[in-house]
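This report is intended to be read beside the sequence and the three-dimensional view.

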Amino acid sequence: MTGSWPASPAQQGMWLTERAGVAGRAFHMPLAVWLDGPLDMMALGEACEQVARRHPGLGGVLVEDGGELRVVPHAMPPMREGGDLQEELARAVDPVEGPAAWFTLIREDAKRHVLLFQAHHAVFDGESKDILLRDLAAWYGGATPAPLGSTYPEVMLQQKARLGEALPDARRYWQDRWQDQRELRLPGLTGVSLAAAPGSALDFEVEDLAGLAARLEVTRFEAVLATFVALLHAYGNARPAVGVDLSTRTERSRDHVGAFVNELPVIGVPEGATFGEFARSLRGDLRRLYRHREVPLARAVDGIGPRAALTPVSLSYRRRPETSPLFPGLGASVEWMMFNGWVRNTLHLQIVDDQAGTAARLQYNPALLDGTGAGRIREHLAALLAAVAADPETPLDRLPLPSPVPAVSVTAVTAAVKDGPVDADLVREIQAIFAKELELDDVEPDDDLFDLGGHSLTITQIMVRTKERLGVELSFEVFIDDATATRIAAEVARLREQTC
């Protein structure tokens with residue numbers, strides 16, 4: 001496709017999750033700016049258009065082309081005027097049909113407006129919020145941001161090349177480290193999920209995170225992560241696995257808006273005599289993990305199918321720049337942690353750290369974790385943070401840690417399989433397609449596609465080959481719960497019967 005570029009691994013994963021129907025609104029990223037004063041609406045609309053031209057990835061849609069997923073640039077819609085903020089938040093962003101991002105201006109009164117920006121995570125990340133507002137404020141004030149050193153397609157092609165170089169080392173790193181944990185212990189927990197669902201949130205503040213990190217001789221992110229892991233371990237999780245968002249930005253991509261982030265698991269066990277010793281040990285583990293930050297786990301290990309989150313528990317940390325965008329002649333207030341009302345897993349801790357303080361939010365799935373349990377987790381985490389801030393070298397066995405709680409397992413949802421035996425010749429046809437696309441000599445009828453190293457692009461290639469050879473168009477859903485040749489052959493037989 002002329003003018004397009006290959007989708008990144010992160011975009012491929014989100015595309016497959018969307019197609020599988022397990023993403024909901026979890027990948028929608030809203031950002032709202034309250035503007036107080038005499039607003040020049042024409043200048044703001046022009047600034048939005050300039051931002052869209054400078055960052056073409058925002059208008060990109062994901063298109064499957066012959067088994068390859070590519071990003072095709074499309075124009076972002078111009079800024080529109082809207083009514084109710086909550087109604088506007090409910091509007092969809094779609095990285096397949098488009099638009100994947102848009103601006104809406106909402107008038108609250110003559111001198112107070114809300115500029116709402118919504119984007120899909122496939123084209124946007126946390127650091128992009130600062131870049132977008134910085135560029136927007138510059139153009140609104142009549143300035144022009146410095147030219148970008150590389151085009152967005154050039155950056156994406158460079159990222160693809162780095163991934164290929166880094167993949168062998170990442171596979172060796174994860175070979176004996178990753179275990180797909182299907183069990184979790186949290187107070188008030190009744191179930192465990194890796195799928196998106198409507199969520200709830202509890203906010204709180206973290207006091208003196210900078211001082212704690214300095215005394216521990218670790219970063220602020222590492223201090224929060226060590227505390228969170230210690231709490232999860234106290235609940236009875238033997239080897240807590242926390243999914244963390246790691247930036248994949250480089251010097252060439254630092255000023256680009258896009259999805260330059262990769263979720264990887266941090267697996268930590270509180271060891272050592274004191275909390276400080278554990279935090280510094282975890283810091284060393286993270287330094288080793290960072291060497292592989294560009295490689296998605298699903299590319300490095302087998303057996304990871306489509307899911308909205310890598311682990312049932314996750315953490316995101318972002319430290320904002322010291323200065324905020326200034327819109328000339330206006331007062332500006334930004335809601336950096338705007339909640340879209342959905343969660344990607346069971347429990348997520350979000351931290352945004354800036355000069356005004358450290359804001360924290362527990363996002364959780366209320367269908368699986370009740371509000372009382374979430375409140376207890378917040379209280380336990382706050383108490384633990386206060387204790388380690390008072391004395392970072394407190395012995396681990398003297399920390400105010402809660403007692404263990406019962407375990408709950410992930411509930412597997414098995415796809416319905418066609419009654420009766422499946423035609424053996426048809427199964428062999430699907431086995432051959434699997435083997436060709438996975439570059440394997442042989443595939444058994446009940447081998448799982450993801451256990452064999454398959455991923456989102458493998459599925460698209462299998463769908464293309466199945467349509468070419470068997471005249472049947474498969475859906476993504478059939479691969480989610482039972483991605484075996486037997487299951488796919490049963491679905492092909494069912495679809496053939498429907499057309500007879």
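Predicted model: local features only at pLDDT ≥ 70, side-chain atom pairs only at ≥ 80, totals over all residues.

## The open sheet

Five strands make up an open sheet with mixed pairing, and their order across it is β5-β6-β7-β2-β14. At the edges lie β5, residues 80-82, and β14, residues 331-335, each of which pairs on one side only. From one strand to the next, the twist averages 25 degrees.

How do β5 and its partner β6 run relative to each other, parallel or antiparallel? Strand β6 covers residues 101-109 and runs parallel to β5, to which it is joined by three bridges. Within this pair, Ile106 of β6 is the residue opposite Gly82.

## Helices on the sheet

Helix α2, formed by residues 41-54, packs on the sheet and touches β2 (28-36), β5, β6 and β7 (112-120). The direction of α2 makes about 165 degrees with that of β6. Because angles over 145 degrees count as roughly antiparallel, this helix and this strand may be described in that way.

A further helix, α4, consists of residues 126-140 and lies across β2, β6, β7 and β14. Relative to β2, α4 runs at about 35 degrees.

Is His120 buried or exposed? The relative accessibility of His120 is 0%, so this residue counts as buried. A polar atom of the His120 side chain lies 3.0 Å from the backbone nitrogen of Ala122. Beyond residues up to four places away in sequence, His120 touches Met14, Glu18, Phe27, His28, Val93, Pro95 and Ala100.

Gln118 has a relative accessible area of 1% and is therefore buried as well. One polar atom of the Gln118 side chain is 3.5 Å from the backbone oxygen of Arg91. When neighbours within four places in sequence are set aside, the contacts of Gln118 include Arg25, Met29, Pro30, Glu88, Leu89 and Trp102.

## Helices α6 and α7

Two packed helices are described by the angle between their axes and the distance between the axes. For α6 and α7, the angle is about 90 degrees and the axes are 8 Å apart. The two helices are therefore roughly perpendicular. On the α6 side, the contact is made by Leu209, Ala210, Leu212, Ala213 and Leu216, and on the α7 side by Arg220, Ala223 and Val224.

Helix α6 spans residues 209-216, and its buried residues include Leu209, Leu212, Ala213 and Leu216. These four residues also take part in the contact with α7. Gly211 of α6 is buried as well.

In soluble globular proteins, nonpolar side chains tend to be buried together. The largest nonpolar core of this model has 69 residues, and the members that touch the most others are Trp174, Leu225, Phe228, Phe275, Leu315, Leu347 and Leu349. Which helix gives the largest share of this core? Helix α7, residues 220-234, supplies that share with ten residues.

Leu347 illustrates how such a residue is surrounded. Not counting residues up to four places away in sequence, Leu347 touches residues including Leu186, Phe228, Pro312, Val313, Leu362, Tyr364, Leu369 and Ile377.

## Backbone features in loops

The peptide bond from Gly98 to Pro99 is cis, with an omega near -5 degrees. Pro99 is situated in the loop between α3 (85-89) and β6.

Two glutamates have a positive phi although neither is a glycine. Glu217, in the loop between α6 and α7, has a phi of about 65 degrees. Glu439, in the loop between α11 (424-438) and α12 (456-470), has a phi of about 55 degrees. Why does Glu217 count as exposed? Its relative accessibility is 58%, and a residue counts as exposed when this value is over 50%. Glu439, at 73% relative accessibility, therefore counts as exposed too.

How values were computed: Residues numbered from 1 in each chain as written. Heavy atoms only, no water. Pairing = 2+ DSSP bridges. Axes fitted to C-alpha atoms, helices over the stretch in contact; angles between N-to-C directions. Contact = heavy atoms within 4.5 Å. Buried < 20%, exposed > 50% of the residue type's maximum accessible area, 1.4 Å probe, protein only. Core = buried A, V, L, I, M, F, W, Y, C linked by side-chain atoms within 4.5 Å. Polar contact = N/O pair within 3.5 Å; in protein donor to acceptor, adjacent residues only side chain to side chain. Parallel < 35°, antiparallel > 145°, perpendicular 65-115°, else oblique.
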